[in-house]
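Here are my notes on this model, point by point. Please keep the structure open as you read.

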Amino acid sequence: MNAWQLIASGDATLFAIVRLSLMVSLSAVAIAAVIGLPLGALLALTRFPGRAALIVLLNGFMGLPPVVVGLSVYLLLSRSGPLGGWGLLFTPLAMVIAQSLLVLPIIAALTRQTIEDLWSEYRDELTAVGVGPWGRVATLLWDGRFSLTTALLAGFGRAAAEVGTVMIVGGNIDGFTRTMTTAIALETSKGNLPLALGLGIILIGLILAVNAAAWGVRAWSEQRTG
Amino acid sequence: MLRRHFLAIAATFLFISAGVSALAQDKSIVVASTTSTQDSGLFEHILPLFKEKTGIEVKVVAQGTGQALDTGRRGDADVVFVHAKAQEEEFVEEGYGVKRFDVMYNDFVLVGPKEDPAGVAGTDDIAAAFQAIRDKQTPFVSRGDKSGTHSAELRLWKEAGIDISADKGPWYREIGQGMGAALNTASSMNGYVLSDRGTWLSFKNRGDLEIVVEGDKRLFNQYGVILVNPEKHPSVKAELGQAFIDWLVSPEGQEAIAAYKVDGQQLFFPNAGQDPS
């Protein structure tokens, strides 16, 4: 069985894996966006001691090793860990939590840069009208929304492509926590290289499709708002 | 802006509540098992039969034996299904496991390149083969991951009279990964590797590799299953876990294991209730 036959036959297992991959990665990006967008904007607009260090830290964390994040979340959620009572280890929700942590620095850091650039353009205007700090954050996030899509897509790309955290905290359980990337790792270890490569091509196609959709939405709304 | 955030938050909560309700209603157990049982395809064959009979879903996390036992120690699995008897007995003695049951066996095989640079093909003396590999310094891939297969390999070096931790050179490559990965590595570097027969039979990327040594009694590979002790970890689903163990060692479960074949070859031989030693 190769990947093309799998697609052609509308294989239910493949469909479930694709759905889980998208659901986990998109949820992680949504959570990271809710926290990361305002955080990045605030960091761009405020000045406080230690700000430079915080920005360096945030930029550095864009390169957080997925395995380390996975292991940390594993130890937290394990039955023997501090949050063990929740019973979340080896569930999709654990994968969402771990990926949110992975994606958050990417979204926050890219938002910070985008808003800071925008701020130099808008500063006089917003200061003259007397908009407060939260109003500034809101205005700039809204006006920068098209550029910020790129930050969200970068986060999504990271989440959809990584295997380290989802393997450790999800456990690659068949029909439950098996994603595209862990399925590829499994087929590789079975020596089923053509199928592994085929799944890889499907994954790349999915990531392209999400990006194309984002591009389409952006073009459509840009046209509408002028 | 606000509306968009609101939508994102709402979507997140929807997902979380869906996840939580899925957790609450399920009749399932987590089994920590080995890469050999997963990579060989055994679970895909027997688990649907078990689910049909009992309605219990078995979620398998495939790790090396050492890691699987550790997952059990942490309370993150309900049942462990592994193959390193000494480590399993230790697990029970420490109080982490309730009781160990024999389930099935297969055997290890020494896999190596067709050209056989160490000249070991055809012998049924695994210790002599290991000595020849060491003497000729031909590439040997070790799992190096505390798995059942890795423990067996270390035991075989000892039986060959070789202290591998002192004797290893660049020819001895510890990769720290699962059985499939070890076979892939051996295949690409044309080295020798110890594998369980099941994973080897279902392995697709063989390249120039073939079985060079088999049939030695010391290559016997026993699998056992243990319920994680609910007294150590109250979260363990003892009833469902024990149901799985009872089924595995029942005539029905044993038949299901025996019926699993790859290319007409039986991969695992049920032996519950018999003392193999």
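1. Helices here are DSSP runs of H or I with at least four residues, numbered from the N terminus. One such helix is α8 of chain A, residues 164–170, and A:Val169 lies in it. Bear in mind throughout that this is a predicted model.

2. Is A:Val169 buried or exposed? Count the neighbours. A residue is called buried if 20 or more other C-beta atoms lie within 10 Å of its own. A:Val169 has 30 other C-beta atoms within 10 Å, so it is buried.

3. Which residues does A:Val169 touch, leaving aside its neighbours within four places in sequence? The contacts are A:Gly70, A:Val73, A:Tyr74, A:Leu77, A:Leu89, A:Ala94, A:Met95 and A:Ala98. Look also at A:Val67. A:Val67 and A:Val169 are 102 residues apart along the chain, yet their C-alpha atoms are separated by 9.9 Å.

4. Now turn to the place where the chains meet. Chain A puts 27 residues in contact with 30 residues of chain B. On the chain A side, α2 (12–45), α5 (92–129) and α6 (133–143) each supply at least two residues. The most comes from α2(A), which gives five residues. By class, this side of chain A has 14 nonpolar, 10 polar and three charged residues.

5. Chain B is divided into two domains. Domain 1 covers 28–105 + 222–270, and domain 2 covers 107–219. Their C-alpha centres lie 26 Å apart. Where they touch, domain 1 of chain B brings 18 residues and domain 2 of chain B brings 16 residues.

6. What supplies the domain 1 side of that contact in chain B? Helices α2 (35–39) and α4 (65–73) of chain B each give at least two residues. The largest share, three residues, is from α2(B). By class, this side of domain 1 of chain B has six nonpolar, 11 polar and one charged residues.

7. Next, the strands of chain B. Strand β1 (residues 28–34) runs parallel to β2(B), and seven bridges join them. One pairing to find is B:Val31, whose bridge partner in β2(B) is B:Val60. Strand β2 of chain B spans residues 57–63, and six of its seven residues are buried, so the rest of the structure largely encloses this strand.

8. Check the length of helix α11 of chain B, residues 238–249. The buried residues of α11(B) are B:Gly241, B:Phe244, B:Ile245 and B:Leu248. Seen down the axis of α11(B), these buried residues fall within an arc of 95°, so they line one face of the helix. The face turned away from the buried side of α11(B) carries the exposed residues B:Glu239 and B:Asp246.

9. Finish with B:Ser188, in helix α9 (residues 179–189) of chain B. Is B:Ser188 buried or exposed? B:Ser188 has 11 other C-beta atoms within 10 Å, so it is exposed. B:Ser188 and B:Ile164 are 24 residues apart along the chain, and their C-alpha atoms are separated by 23 Å.

Methods
Residues numbered from 1 in each chain as written. Chains lettered and ligands numbered in written order. Predicted model: local features only at pLDDT ≥ 70, side-chain atom pairs only at ≥ 80, totals over all residues. Buried ≥ 20, exposed ≤ 12 C-beta atoms within 10 Å, placed from the backbone. Arc of directions from axis to C-beta. Domains from an automatic or database assignment. Contact = placed C-beta atoms within 7 Å. Nonpolar A, V, L, I, M, F, W, Y, C, P; charged D, E, K, R; others polar. Pairing = 2+ DSSP bridges.
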